[in-house]
Amino acid sequence: MAFQQGLSGLNIASKALDAISNNVANSTTVGFKQSQAQFADIYATTLGGGGSAQIGIGARVNGVAQQFAQGNITVTSNPLDIAINGEGFFRMSDNGDVLYTRNGQFSVDKQGYIVNGSGYRLTGYGTDANDNIVVTAPIDLRIDTALSGAEPTSTTAADLAVNLDSRLSPPVTAPFSTADTSSFSYSTSMTTYDSLGNPHVMSMYFVKSATPNQWDLHTTLDGGAPTAATTLTFNSNGGLVGPSTVAQSFAITTGATTPLTFDLNLGNSTQYGTTFSVNAVAQDGYTSGRLSGLSVSPEGIIQGRYTNGQSRTLGQVVLASFQNPDGMVQLGSNAWAETSFSGPPAVGEPGTGNRGGLQPGAVEDSNVDLTAELVNMITQQRAYQANAQSIKTQDQIMQTLVNLR
């Protein structure tokens with residue numbers, strides 16, 4: 001039976017070399033997991049059972065096991081490249097068929113979907129109208145450049161914190177006029193926005209009153225007529241007594257909603273014996289914008305950045321983990337599919353359960369140890385040669401027997 005034993009040895013050495021060669025070929029494939037051929041011995045079945053003199057009849061390939069050890073993580077310049085640090089797989093959709101991969105090289109296709117090089121769509125959780133993540137059945141993640149941050153928003157609230165110098169005397173000219181700088185003490189401005197996203201400059205003029213600790217505030221929009229004076233009163237410690245909020249209303253002629261109304265909050269303003277300063281200025285309106293960039297957090301939250309300075313949550317990447325990942329079937333193109341041996345996937349947010357975290361702007365390298373594979377290749381080559389030699393030896397013995405006269 002040495003022919004059969006030697007032949008089986010040749011077969012398993014050949015299969016091992018196939019696995020090693022495939023590992024070497026994919027040593028630079030992102031997200032690739034190396035495989036290892038595993039062997040088992042073979043014994044003939046007899047009615048009398050085994051015994052101390054029983055000799056095996058060779059070996060066979062018992063299986064090809066995938067090694068899901070973590071690969072090295074390499075930083076890239078693509079913000080949509082994502083590496084998994086730990087267990088889990090990206091959940092992908094191929095026209096409705098669900099696949100899984102460790103290759104996190106993603107881009108946005110012409111329809112706005114986040115896809116890999118094979119065109120499979122990355123899936124995850126979507127958002128509601130308020131940018132809140134909706135944890136439900138995963139959907140194909142799509143970046144809609146026409147929505148989510150592109151629309152303008154009218155100013156609804158503004159904040160201004162100034163310090164008005166208590167040492168100042170009232171203006172030398174009266175009454176107040178925006179055209180005469182000697183009729184007011186200080187001025188500053190901020191940009192506000194109407195419902196169409198048109199910017200409007202609101203100017204604010206402060207006039208020191210002859211009454212101690214009082215100032216008159218006048219406001220204009222785009223250089224128009226000033227509003228009626230509002231008196232600001234401070235206490236002896238320099239804090240604002242009131243009013244802390246001043247309602248603003250301006251007529252708009254751009255076709256936007258008119259009037260433009262919002263509250264101007266002055267609550268943090270002070271009157272100290274120091275020079276005039278603007279300590280804070282803010283408002284909540286903005287013009288329309290275009291998507292200018294994307295970013296992904298370690299938790300898988302996808303954020304869109306827009307040219308109007310806004311950012312919006314666009315979705316969340318999910319990961320799938322398996323009880324027995326080695327039971328998954330390889331489909332090629334860095335993809336796996338679940339089977340009855342792998343068990344069903346546990347899908348959820350990165351970093352939860354036994355799912356790993358994400359590292360944006362990076363990819364996971366192949367976990368193939370090229371040096372070890374070359375050594376294994378030499379080992380299997382020697383095994384192949386040895387098995388071939390056993391067949392040659394058995395052939396010589398048989399030839400000797402044939403030549404007996």
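Buried here means under 20% relative accessible area, exposed means over 50%, and partly exposed is what lies in between (1.4 Å probe, protein chains only). The model is predicted, so to speak of a local feature we need pLDDT of at least 70, and side-chain atom pairs count only at pLDDT 80 or more, while totals for chains, interfaces and linings use all residues. Numbering runs from 1 along each chain as its sequence is written, and side-chain values use heavy atoms, with hydrogens and water left out.

View 1. The protein chain carries two helices and 28 strands (DSSP runs numbered from the N terminus: H or I of at least four residues for helices, E of at least two for strands). Its radius of gyration is 37 Å, well over the 22 Å that the globule rule gives for 405 residues, so the chain is more spread out than a compact globule. That radius is taken over C-alpha atoms, and the rule is 2.2 Å times the number of residues to the power 0.38. Along the principal axes, the C-alpha trace spans about 140 × 40 × 35 Å. Of the 405 residues, 39% count as buried.

**View 2. Arg102, tucked into a loop.** Arg102 sits in the loop between β6 (97–101) and β7 (107–108). Is this arginine buried or exposed? Arg102 counts as buried, at 4% relative accessibility. Leaving aside neighbours within four places in sequence, Arg102 is in contact (heavy atoms within 4.5 Å) with a list of residues including Gly31, Lys33, Gln70, Phe89, Phe90, Asn334, Trp336 and Glu364.

View 3. Ala251 is exposed, with a relative accessible area of 69%. Which residues does Ala251 touch, not counting those up to four places away in sequence? They are Thr258 and Pro259. The peptide bond from Thr258 to Pro259 is cis, with omega near 0°. For a distance to look at, the C-alpha atoms of Ala251 and Ala228, 23 residues apart along the chain, are separated by 14 Å.

**View 4. A cis bond at Pro175.** Zoom in on the loop between β11 (157–163) and β12 (186–193), the place of Pro175. The peptide bond from Ala174 to Pro175 is cis, with omega near 0°. As background, most peptide bonds are trans, and most residues other than glycine have a negative phi.

View 5. Asn95 is found in the loop between β5 (89–94) and β6. Its phi is near 55°, a positive value in a residue other than glycine. Asn95 is exposed, with a relative accessible area of 79%. Asp222 is in the loop between β14 (214–221) and β15 (230–234), and has a positive phi of about 55° although it is not a glycine. At 46% relative accessibility, Asp222 counts as partly exposed.
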